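Subject: Structure handover

Hello,

Here is the structure I said I would pass on to you. Please open it alongside this message and follow the residue numbers as you read.

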Amino acid sequence: MATLPNEDSWPTNDDDAKRNLERPLDILLGIHSRLDEILITGIIQHTCHRVHVVDSGLMALESLQNHAFDIGLLSYGLAELNGLETTQHIRATQTAWQHLPIIGILHQEESDKMAGCLQGGMNTILITPISAKKLMPILMFYQEKKALLF
């Protein structure tokens with residue numbers, strides 16, 4: 001697994017904001033909590049990335065068929081298919097999005113599921129509450145990987 005940048009390195013200046021505008025990430029956010037949705041969407045939009053929000057695993061899979069995303073943030077508690085089941089479906093497909101970076105979102109009380117989520121194909125896990133300090137290093141890491149492809 002790749003090493004993520006330090007939490008203290010998230011964008012804080014105009015150069016970082018300019019980079020985000022030049023190479024924004026398209027992010028699929030599968031989230032079941034309205035409060036978490038508002039918080040995470042706000043962080044993502046504040047940094048000039050694009051976010052598409054769904055509230056079920058089936059909707060996440062459908063969205064992947066219709067749009068190319070750079071990263072997926074999937075809550076364990078998604079409806080219909082939880083975040084782990086959705087990840088397993090994604091990894092089992094023979095599609096372009098089979099290798100989509102997936103960041104799992106777990107609540108404190110779900111933290112015992114972390115090992116299973118990583119074994120099931122998630123790239124890393126964030127435990128709520130989600131903050132810019134936790135999320136931004138991950139987004140920067142994948143934005144830099146995207147830049148290397150172009």
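Below is what was found, going from the whole chain to single residues.

Please keep in mind that this is a predicted model.

**The whole chain**

The protein chain has six helices and five strands. Read from the N terminus, the order of these elements is α-β-α-β-α-β-α-β-α-β-α. The chain has 150 residues, and 51% of them count as buried. If you take the contacts with a separation of 6 or more, 64% are between residues 24 or more positions apart.

Strand 3 covers residues 71-75, and five of its five residues are buried. In a regular strand, side chains alternate between the two faces of the sheet. In strand 3, I71, L73 and S75 are on one side, G72 and L74 are on the other, and both faces are covered.

Which strands pair with strand 3? One is strand 1 (residues 26-30), which pairs with strand 3 in the parallel sense over four bridges. Within this pairing, L29 has L73 of strand 3 as its bridge partner. Another is strand 4 (residues 102-106), again parallel to strand 3 and joined over four bridges. Here L74 is bridged to G104 in strand 4. To get from strand 3 to strand 4, the chain passes through helix 4 (residues 83-92), and this β-α-β crossover is right-handed.

Is T87 buried or exposed? Its relative accessible area is 0%, and since buried means under 20%, T87 is buried. Leaving out residues up to four places away in sequence, T87 touches L74, I102, G120, G121 and M122. The side chain of T87 also reaches the backbone oxygen of G83, at 2.8 Å. T87 and I103 are 16 residues apart along the chain, and their C-alpha atoms are separated by 9.6 Å.

**Helix 2**

Helix 2 runs over residues 34-46, which is 13 residues. At 1.5 Å a residue it should span 18 Å, and its end C-alpha atoms are 18 Å apart, so the two values agree. The buried residues of helix 2 are D36, E37, I40, T41, I43 and I44. Around the axis these residues cover an arc of only 160 degrees, which means they are on the same side of helix 2. R34, L35 and H46, on the other side of helix 2, are exposed.

**Helix 3**

Helix 3 (residues 57-66) has G57, A60, L61, S63 and L64 as its buried residues. Seen down the axis of helix 3, these fall within an arc of 160 degrees, so they line one face of the helix. What do the buried residues of helix 3 pack against? They pack against strand 1, strand 2 (50-54), strand 3 and helix 4. On the face turned away from the buried side, helix 3 carries the exposed residues E62, Q65 and N66.

**Backbone details in the loops**

Three places in the loops are worth a look.

- C48 lies in the loop between helix 2 and strand 2. C48 is not a glycine, yet its phi is positive, about 70 degrees. With a relative accessibility of 30%, C48 counts as partly exposed.
- E80 is in the loop between strand 3 and helix 4. Phi of E80 is also positive, near 65 degrees, and E80 is a residue other than glycine. Because exposed means over 50%, E80 is exposed, at a relative accessible area of 57%.
- P129 is in the loop between strand 5 (124-127) and helix 6 (132-149). The peptide bond that joins T128 and P129 is cis, with omega about 5 degrees.

**Where to start**

One way in is to find strand 3 (residues 71-75), then follow the chain through helix 4 to strand 4. After that, turn to helix 2 and compare the side with I40 and I44, which are among its buried residues, with the side where R34 and L35 are exposed.

Regards

Conventions
Residues are numbered from 1 along each chain as its sequence is written. This is a predicted model: local features need pLDDT of at least 70, side-chain atom pairs count only at pLDDT 80 or more; totals for chains, interfaces and linings use all residues. Side-chain values use heavy atoms; hydrogens and water are left out. Helices (H or I, at least four residues) and strands (E, at least two) are DSSP runs, numbered from the N terminus. The expected span of a helix is 1.5 Å times one less than its number of residues. Buried means under 20% relative accessible area, exposed over 50%, partly exposed in between (1.4 Å probe, protein chains only). The arc is that of the directions from the helix axis to the C-beta atoms. Two strands pair if DSSP finds at least two bridges between them. A crossover is right-handed if, with the strands pointing away from the viewer, the path from the first strand over the helix to the second runs clockwise. Contact means heavy atoms within 4.5 Å. A polar contact is a pair of N or O atoms within 3.5 Å; within protein, one must be able to donate a hydrogen and the other to accept it, and residues adjacent in sequence count only if both atoms are side-chain atoms.
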